[in-house]
Amino acid sequence: MRGIIAILTGGILLSACSVTRIVEPIPQGRQEVQFSLGGPLIHLFGTTIPTPLTSVAYNYGYRDNLTLSGGLNITSLAFGVIHLDLGATYGLWKDSLKSGYAGLSIRPSFYLTTDIYRWQTRFFPQFDIMGYYRINKHLVYGGIVNFFELKRTRAHNLTQPKIWFWNPTIGYQFESEKWRWQMELRWLAPDVRSDYRVPDYVQPFGKPNGTIGFYIGITRKINW
Amino acid sequence: MRKLIAVGVLVGLMTFSCARLDSFLFNPYKTDEYKLDDYDGKLQFRLGPEFDIPQDKIHLFSTTSQGYKIWGIYIGDTTTISSDTVILYCHGNTGHIDYYWQRAKLLAHVGGKLRYGVLIFDYRGYGKSEGEPSEEAIYEDTKAMMQWLKDRGLTGDRLVIYGYSMGTAPATYWSSHEGPLTPRWLILEAPFASAELMVQDGAYFVLPKQYVTDLEINNAEWIKNAKAPLLLFHGTEDKLLALDPHGKAVFDNHPGPKKAVFVEGATHSDVPVILGIEAYISEIYNFIKSY
């Protein structure tokens, strides 16, 4: 039973955190479609796998420093949960630095989830802040993904133990003329114990706190 | 055209996205023959010869539940059920009767060898029992076993219902809903509070359980209506169904009388061993004698 519940709940653990993200805003008027795969790492059936979450997103360069994006979690949809991710990436700062340039961006967003069985709807805000450094086709980035649970109580009127989930994140992007490939590692909920949970989460650094999320993304540039 | 196909795929997914993983939650192990003490599978513990049960006190039987043949073993004398006190053991999700046989033998030694009758059985899809497991099946199959006992003269005031892990669901359910018998005592080991809390605890977020499962298991709410006094065992190192929140939510919601035995260092499956065999037996015996 543990394995399947691991998939079920692990698949949802912070899955609302978009699988991969826009770090550097795209130029004004440009559009792209992004496919992402990955999730929290769990021990399952004798091996370690990332929870296989998939999502598809559309990004639009509203201004040179502002990209609007909307995504749909496909894995959730397959199980009757409509899971939308709407947000905007805003470039706060960008400057030349040696052979490339560095920048800082924020991404306020929210997740809207509802199921097709009872139409129970939840709303989760998120706020990401990322620093990045680009050299030609390569971009490395790091920052914090912040996810918020607005409800104060959970089942049986128990107190929801955690409201703010902060998730240190690092990633790498490689860019070609038409495509962008992305890899991302995220330490999910490092200040929350993960060892007394039904899913058998991978616990990084030998500590029973949080778990590691691994994600990959492929983006197709449409009108670049 | 491409847009149309894309929209069609999405609409199709939404329309037909009735995929649920509930049936995979169950972990039934099948067997053609129960081996009991000769079972060589992995066990949490094996009892010594002092806990052996005489062959003439082991009764393999079957009954039907919603048309399916399900199997059980009664430890004791089936001709004296009408005057005996009986412990009905609802096992967990892993394995089948063989896997829980040592536990059944322990219960057959509460208050002395064969003082109480013990009935252990396999739900639909487990062991030799026919059919496929489901949430409804575990309730109905437990009910069928209660009916089997009732048909042999047992009354509710001599029935102890014991649930372990997944088995806490039917045990709690039949302690709070009308069935063939109303148990006089309720013993739960490593219970989970509800499907909803399981989802929320695993996901960290307050998610509706319908996002994940159709299971309606809700021990923490059902137990509010339980008439039977409660004895609850839970290991403090249970990493599958943590004492807090699961065990504590169930215990807190029981109206009483009740007793909790939180076993320091015990995990999900070794409470009797970590607590100590004699202490475990004594707790159960004292509980039964007290109420």
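I looked up the secondary structure of chain A in this predicted model and recorded 2 helices and 13 strands. Helices (H or I, at least four residues) and strands (E, at least two) are DSSP runs, numbered from the N terminus.

I then turned to burial, where buried means under 20% relative accessible area, exposed over 50%, and partly exposed in between (1.4 Å probe, protein chains only). Chain A has 224 residues, of which 52% count as buried. I noted its accessible surface (Shrake-Rupley method, 1.4 Å probe) as about 9,700 Å², with 65% belonging to carbon and sulfur atoms.

I looked up the nonpolar patch on the surface, whose members include Val33(A), Tyr58(A), Met183(A) and Ile222(A), with about 870 Å² of accessible area for the whole patch. Such patches take residues with over 30% relative accessible area and no salt bridge, nonpolar side chains being joined within 5 Å; a salt bridge is a side-chain nitrogen of Lys or Arg within 4 Å of a carboxyl oxygen of Asp or Glu. Strands β1 (31–44) and β3 (54–63) each supply at least two residues, and β3(A) gives the most, with 4. Tyr58(A) lies in β3 and counts as partly exposed because its relative accessibility is 34%.

I checked Tyr215(A) next and placed it in strand β13 (residues 209–221). Tyr215(A) counts as buried because its relative accessibility is 1%. Its C-alpha is 13 Å from that of Ile22(A), at a sequence separation of 193 residues.

For conventions, I recorded that residues are numbered from 1 along each chain as its sequence is written, with chains lettered from A. Local features need pLDDT of at least 70, and side-chain values use heavy atoms.

Terms used: This is a predicted model: local features need pLDDT of at least 70, side-chain atom pairs count only at pLDDT 80 or more; totals for chains, interfaces and linings use all residues. Patches are made of residues with over 30% relative accessible area and no salt bridge: like charges are joined within 9 Å, nonpolar side chains (Val, Leu, Ile, Met, Phe, Trp, Tyr) within 5 Å.
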